[in-house]
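Please read it alongside the sequence and coordinates.

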Amino acid sequence: MTGMPTDHPVAAPRPAELRRWRRYLAEERAEAAVYTQLAARRQGEEREILLALARAENRHAAHWEKLLGEHAGRPRKPAMRSRLLIALARRFGSVFVLALAQRAESRSDYGEDDHATAAMAADEQIHEEVVRSLAVRGRARISGTFRAAVFGMNDGLVSNLALVLGIGASGVATGTVMLTGLAGLLAGALSMGAGEYVSIRSQRELLEASTPSDSAHQAVGDLDVDANELALVYRARGMSATEAQTRAEERLATHNPALPPVRTAAHSLEEIGSAWQAAASSFCFFASGAIIPVLPYLFGMTGWPAVALAAGLVGAALVVTGAIVGVLSGAPPLRRALRQLAIGWGAAAATYLLGLAFGTSLA
């Protein structure tokens, strides 16, 4: 059926159309529930934005309900992923849920459906950008600690698996493999924690050093208007002489010492995160990843069974961490998961082969 979409019931819709409209109705109601649950865990502007999204999804649901008319039947359950998203939004309301909602908005079929209005299709495209922007806010709040956690976990998984397999392939005793793995865990976790602390602390200090001072802001009102030393500041920041002069004159004309100075740094201290939190996160996650390839040896396994189980456990963990990073970054989670798996297993396989070669040369 083609033509302009309408809200009026269709006289004799085909069974395939009825199934599709009922699915649309269930999914729109589910998306409205997700945004309502997320709004319940937010305050201020974010709450209002999420409630506005929920109202828009309810309008879309009303469109399909009117179109179905007497064929609406009993409410249909949404897809499993939508029900899971509602449950996650109810219990957590985190940036992870927003990232999943962003992907859900990107899957809309309204652009190719004759019974969806152009406004509805446009709404879904705009909703994706709105949710993306909300997710960016959440990513900024967790970026420093989350980055340290992900890097720590992956480094622990890959480096200690490679270490354990490489040492094990050389033919040493099982006890030596286990002690080597535990030593690698402790040394790596301490190194990662210390490195993250130094890195984040240095970034914060550089940012603080690059932030305009309050004293300079207060001094603007007392500058000689004719000499206009403020233009030198803008020239030092990369403006041409003409642009700097114009900007300085505007700044002097509108200067209000009661207002805080304008911050122009590329990254905020909130985005960088706490040095101690990043260090602790990196230490704990590296240790939690590094212990996984050691587990088979801790339980007394040896030889190929221990190697296979260690590689399997690490592979499963790499798939999970890769998928999580993919979801949070807006990338396809399966592709990220497989990439993480290929990198981790590739490094471990290379080290295992080197261990075999080294063990043969000693024999």
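What percentage of the contacts in the protein chain with a separation of 6 or more do residues 24 or more positions apart account for? They account for 77% of those contacts, where contact means heavy atoms within 4.5 Å.

## Basis of the model

This is a predicted model, in which local features need pLDDT of at least 70 and side-chain atom pairs count only at pLDDT 80 or more, while totals for chains, interfaces and linings use all residues. Residues are numbered from 1 along each chain as its sequence is written, and side-chain values use heavy atoms, with hydrogens and water left out.

## Overall make-up

The protein chain contains 14 helices and zero strands, with helices taken as DSSP runs of H or I of at least four residues and strands as E runs of at least two, numbered from the N terminus. Of its 363 residues, 39% are buried, that is, under 20% relative accessible area with a 1.4 Å probe and protein chains only, whereas exposed is over 50% and partly exposed lies in between.

## Helices 1 and 2

Helix 1 (residues 15–40) and helix 2 (residues 44–68) have axes that come within 8 Å and cross at roughly 160°; axes are lines fitted to C-alpha atoms over the stretch in contact, and angles run from 0 to 180 degrees between N-to-C directions. That angle makes helix 1 roughly antiparallel to helix 2, a term used for angles over 145 degrees. The residues of this contact divide into 17 nonpolar, three polar and seven charged, where nonpolar covers Ala, Val, Leu, Ile, Met, Phe, Trp, Tyr, Cys and Pro, charged covers Asp, Glu, Lys and Arg, and polar covers the others, Gly among them.

## Nonpolar cores

The largest nonpolar core has 19 residues, of which L157, L161, L165, Y297 and V314 touch the most other members; such a core is a set of buried Ala, Val, Leu, Ile, Met, Phe, Trp, Tyr and Cys residues joined through side-chain atoms within 4.5 Å. Helix 5 (118–169), helix 13 (303–329) and helix 14 (333–362) each supply at least two residues of this core, and the largest share, seven residues, comes from helix 5.

Leaving aside residues up to four places away in sequence, V314 touches L157, L161, I292 and P293. A second, separate core of 18 residues includes A30, L38, A89 and L134.

## The loop residue M301

M301 lies in the loop between helix 12 (295–298) and helix 13, and counts as partly exposed at 27% relative accessibility. Although M301 and T174 are 127 residues apart in sequence, their C-alpha atoms are 8.2 Å apart in space. Not counting residues up to four places away in sequence, M301 touches T174, P296, A306 and L309.

Definitions and conventions
Parallel < 35°, antiparallel > 145°, perpendicular 65-115°, else oblique.
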